[in-house]
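Take a moment to look over the protein below. The paragraphs that follow walk through it piece by piece.

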Amino acid sequence: MALDSKIPNGPISDKWTNYKDHINLVNPANKRNLDIIIVGTGLAGGSAAATLAELGYNVKAFCFQDSPRRAHSIAAQGGINAAKNYKGDGDSVYRLFYDTVKGGDYRAREANVHRLAEVSANIIDQCVAQGVPLAREYGGLLDNRSFGGTLVSRTFYAQGQTGQQLLLGAYSAMNRQIGRGKVKMYNRHEMLDIVIVDGKARGIIARNLITGEIERHSAHAVVVGSGGYGNVFFLSTNAMGSNATAAWKIHKKGAFFANPCYTQIHPTCIPVSGDHQSKLTLMSESLRNDGRIWVPAKLEDAKAIREGKKKATDLSEAERDYFLERRYPAFGNLVPRDVASRAAKERCDAGFGVNKTGEAVYLDFAAAIQRYGTEDAYVKGLDDKDTALVTKLGAAIVKSKYGNLFQMYYKIVDEDPYTTPMMIYPAVHYTMGGTWVDYNLMTTIPGCFSIGESNFSDHGANRLGASALMQGLADGYFVLPYTIGDYLAPDIKMGEISTELPEFLEAEKAVKDQIDRFINNKGTHSVDYFHKKLGKIMWDKVGMARNAKGLAEAIEEIAALREEFYKDVKVPGSANEFNQELEKATRVADFLELGELFAKDALHRNESCGGHFREEYQTEEGEALRDDENFAYVAAWEYKGKPSDAVLHKEPLVYENIKLVQRSYK
């Protein structure tokens, strides 16, 4: 099957406008006769549900949480990018486009990224109109801050709760449509398969997580907005319920899975403290605006800190190594996430880690507190030489910017980040890979669309900070409502699709058979036992640094673990009740397949790019070394029964507006 990305012709700045001018439209009266299923109600799914219902479509929305407000989008902290140029610092649509492609290490599709940059400004207008309380400057204008991989300030934010506030905006818009009867909300329902009739997506099989009932739901199109697959590592910053089941089920029915090895390791997370943990906690990238990252300059000082003989505050400036500022003077602490993460790992591997495990670096706000305090004292006509006063004023300003993040850190670590540096270490955070989609956001299954983090389309091999919220809302509010109408236009006279068709019955039976297999399995180990073992394989051999030997071992070990899982997993309880162990079993079963494909994709890509770092392919300075001649393509995998048999399809990445060069943030 040849991949057709359906990118419109013409100059890149005109593609989206020309596309909208020439697509098929659906009459408002006919929209009332068309049903759309949306799986997932985070920023992408929630905004899509609200917008499509507002347009007149009948929407059925599904989430496994007890409310759409619990979608993991709520955990996003730092902000959302938009090319508004409110700071007058030279930002533009083109610069956002360029920064995103460069940040993704030149492994993203140009046309999709430019469209994202174009609609970014509309997102801010939409959210302000909804009443989202974005931060404002003294004069009342919307404020911006900087994020990694850019030289401008384009990130809009709501203190450290941006995702929560944006999600509440989308949820309120969706709730209005629920009240009108245009969105039918299915809380506590999990999609377990997609139904394909005559080659087109026409519905899903879902399980009511409260009663255990298996349900059939039909529609003229299915939209998957179920997020990423970071929990394949077990420990990640994702919510524990976050899973890849919806995306993996459509993959097994014909949707190609693209670039699964492109996974983002976030540099600023609270370090692992022990085997008892079930998830990790993110510390927003926005903290790198004011926090300086460092380790002791001497090994003996690092050792003394690990042994509790010294504290971070005992070290003078001369005894500290601000390694990001040293290695990347142009961008300093605001280099992209993949670069910052590898730099932190390199220092810790060299013995400079500062916690008991040796896997942590410092994020220090002392300089920012003094800087802000001195300025505030001067403005207020106070003594800017009074150290105690300056510290008090500066801490208050830092609190106004990051207070909830500092409070969260204090509650978890029991250390005051206002007086002692935070300890941070990289952790799995986001997945740039996902289901392959064309320019219309449609997968290789006609009628099945994928939006937000669940698709691969916009971030290449590394996502820039504050771009996840931008993509989710761009897809849901401003892209999908156009592209799905073009697809649905021929279906206006089809009428309601019956759930009694044999394809629905067959899919329902397959779901019930898998559930019965788990319930009747007489194993000895819990689901978490296998999930943790998978996570250790993934982190050790498919994590921040990879090599051919480790990847080949991972593929074999995951396949063996999957076989053991089906033989020896124990799922207590019954199928016809609220059974969280059963929920986890179906999700981990999918992770055990996805993990193998992940490793296979990483093994085949003999280069380093973005979040995919192969130790065999690096520059003399330890930076990622791309191979544009052989790997400037999207790797889209077709399911053929098991991950080891997956077939590779290549979508060449053609760059007409940006020159392919080695990334440099020095």
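Is Gln 159 buried, partly exposed or exposed? Gln 159 is partly exposed, with a relative accessible area of 26%. Here buried means under 20% relative accessible area, exposed means over 50%, and partly exposed lies in between, using a 1.4 Å probe and protein chains only. Gln 159 sits in the loop between β4 (155-156) and α6 (162-180). Its phi is positive, about 45°, although Gln 159 is not a glycine.

Some ground rules come next. This is a predicted model, in which local features need pLDDT of at least 70 and side-chain atom pairs count only at pLDDT 80 or more, while totals for chains, interfaces and linings use all residues. Residues are numbered from 1 along each chain as its sequence is written, and side-chain values use heavy atoms, leaving out hydrogens and water.

Tyr 106 lies in the loop between α4 (93-103) and α5 (110-130). Tyr 106 is not a glycine, yet its phi is positive, near 60°. Tyr 106 is buried, with a relative accessible area of 0%.

Now step back to the whole protein. Its secondary structure comes to 18 helices and 19 strands. These are DSSP runs numbered from the N terminus: helices are H or I with at least four residues, strands are E with at least two. The radius of gyration is 25 Å, close to the 26 Å that the globule rule gives for 666 residues, so the protein is as compact as a globular protein of that length. That radius is taken over C-alpha atoms, and the rule is 2.2 Å times the number of residues to the power 0.38. The C-alpha atoms fill a box of roughly 80 × 55 × 50 Å along the principal axes. Buried residues make up 61% of the 666 residues. Take the contacts (heavy atoms within 4.5 Å). Among those between residues at least 6 apart in sequence, 75% join residues at least 24 apart.

Next, the strands. Two strands pair if DSSP finds at least two bridges between them. Eight bridges join β6 to β7 (residues 200-208). Val 197 stands opposite Lys 200 in β7. Angles run from 0 to 180 degrees between N-to-C directions, and axes are lines fitted to C-alpha atoms, for helices over the stretch in contact.

Strand β11 (residues 263-269) is mostly covered, with seven of its seven residues buried. β11 pairs with β15 (residues 422-431) in the antiparallel sense over five bridges. Gln 264 has Tyr 430 in β15 as its bridge partner.

Finish with two helices. The axes of α15 (residues 527-542) and α16 (residues 548-568) come within 10 Å and cross at roughly 175°. That makes α15 roughly antiparallel to α16. Angles over 145 degrees count as roughly antiparallel, under 35 as roughly parallel, 65 to 115 as roughly perpendicular and the rest as oblique. The residues that meet include Tyr 529, Phe 530 and Leu 534 in α15, and Leu 551, Ile 558 and Phe 565 in α16. By class, this contact has 11 nonpolar, one polar and six charged residues. Nonpolar covers Ala, Val, Leu, Ile, Met, Phe, Trp, Tyr, Cys and Pro; charged covers Asp, Glu, Lys and Arg; the others, Gly among them, count as polar.
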